[in-house]
Amino acid sequence: MLVGLISDVHANRPALDAVLDAMPAVDALVHAGDVVGYGPFPGDVIERFRAEDIVSIQGNHDRAVLGDFHDNFHEIPKAAAQWTTERLTDEELAYLDDLPVERELADGRLKVVHGAPDKPNTYTYPEDFSADLLGEESVLAVGHTHLQAKARFDAGVVVNPGSVGLPRDGDWRAAYAVVDLDAGTVDLRRVEYPREDTQDALAAHDLPEVLIDGLEHGELVFGRAKRSVSDSVE
């Protein structure tokens with residue numbers, strides 16, 4: 001079974017379109033949270049998720065758009081979340097509200113969380129990847145950090161496909177992964193997209209300029225400092 005694994009789209013429709021265009025034929029498309037937040041195309045992205053039957057979980061920015069701000073939520077993403085809330089329909093907000101915080105898929109072989117198992121707001125950085133994170137699943141998919149990485153252990157694989165919409169690892173290209181659950185392999189991939197389209201839309205809506213710069217350089221200047229991509233462990 002092949003799974004197209006994505007995360008942290010953050011309402012960046014051009015990046016999502018490029019990833020889906022580049023994605024090979026897969027049996028399922030799975031998203032590890034943060035459909036919206038930051039980006040200027042929230043309604044368009046939700047529409048594409050529905051059209052492509054993308055199986056998603058709820059990320060912390062999705063919850064923020066619904067009014068649930070966790071402790072230490074920075075003022076810049078908070079402003080972007082409030083802007084998003086004002087532009088989504090009741091139906092689109094209900095879509096986000098109905099998303100679970102984690103999922104077990106493919107007969108339990110794939111577990112998808114945003115931050116960490118049972119801790120949805122916790123960052124799981126590549127250096128935190130360990131066999132202790134794995135339960136019965138053979139592949140644990142996480143998001144939240146926007147850092148693309150994978151690590152293999154005897155018990156299975158931990159993978160973050162990276163961020164589609166706002167990478168933070170110094171590579172501006174949209175990130176995704178292809179997971180072969182039968183072979184137990186994970187292929188990390190990147191694809192270029194017309195980022196200027198997203199940057200122009202951010203500027204047109206007077207969203208924080210730091211987000212425009214973040215798209216340019218593949219990092220954000222607020223919050224925790226940029227992390228390098230950890231070498232994959234096979």
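## Exposure terms and the model

A residue counts as buried under 20% relative accessible area, as exposed over 50%, and as partly exposed in between. Arginine 189, with a relative accessible area of 28%, is therefore partly exposed. The structure described here is a predicted model.

## Salt bridges in the whole structure

A search of the whole structure gives 12 salt bridges.

## Arginine 189 and aspartate 187

Arginine 189 is joined to aspartate 187 by a salt bridge, and the closest N and O atoms are 2.7 Å apart. Aspartate 187 has a relative accessibility of 35% and is partly exposed. Arginine 189, at 28%, is also partly exposed.

## Arginine 87 and glutamate 86

Another salt bridge links arginine 87 with glutamate 86, with 3.5 Å between the closest N and O atoms. Arginine 87 is partly exposed, its relative accessible area being 42%. Glutamate 86, by contrast, is exposed, with a relative accessible area of 63%.

## Arginine 109 and aspartate 182

A salt bridge also forms between the side chains of arginine 109 and aspartate 182, at an N to O distance of 2.8 Å. Arginine 109 lies in the loop between strand 4 (102-105) and strand 5 (110-113), while aspartate 182 lies in the loop between strand 9 (174-180) and strand 10 (185-191). The pair therefore ties together parts that are 73 residues apart in sequence.

## Helix 1 and helix 2

Two packed helices are described by the angle between their axes and by the distance between those axes. For helix 1 (residues 13-22) and helix 2 (residues 42-51), the axes come within 9 Å and cross at roughly 25°. Angles under 35 degrees count as roughly parallel, so helix 1 is roughly parallel to helix 2.

Where do the two helices meet? On helix 1, the contact is made by Arg13, Leu16, Asp17 and Leu20; on helix 2, by Asp44, Val45, Arg48 and Phe49. The residues of this contact comprise 4 nonpolar and 4 charged ones, with no polar residues.

## A salt-bridge network

Which residues are linked in a network of salt bridges? They are Arg13, Asp17, Arg48 and Glu52. Among these, Arg13 and Asp17 in helix 1 and Arg48 in helix 2 also belong to the contact between the helices.

Definitions and conventions:
Residues are numbered from 1 along each chain as its sequence is written. This is a predicted model: local features need pLDDT of at least 70, side-chain atom pairs count only at pLDDT 80 or more; totals for chains, interfaces and linings use all residues. Side-chain values use heavy atoms; hydrogens and water are left out. A salt bridge is a side-chain nitrogen of Lys or Arg within 4 Å of a carboxyl oxygen of Asp or Glu. Buried means under 20% relative accessible area, exposed over 50%, partly exposed in between (1.4 Å probe, protein chains only). Helices (H or I, at least four residues) and strands (E, at least two) are DSSP runs, numbered from the N terminus. Axes are lines fitted to C-alpha atoms, for helices over the stretch in contact, and angles run from 0 to 180 degrees between N-to-C directions. Angles under 35 degrees count as roughly parallel, over 145 as roughly antiparallel, 65 to 115 as roughly perpendicular and the rest as oblique. Contact means heavy atoms within 4.5 Å. Ala, Val, Leu, Ile, Met, Phe, Trp, Tyr, Cys and Pro count as nonpolar, Asp, Glu, Lys and Arg as charged, and the others, Gly among them, as polar.
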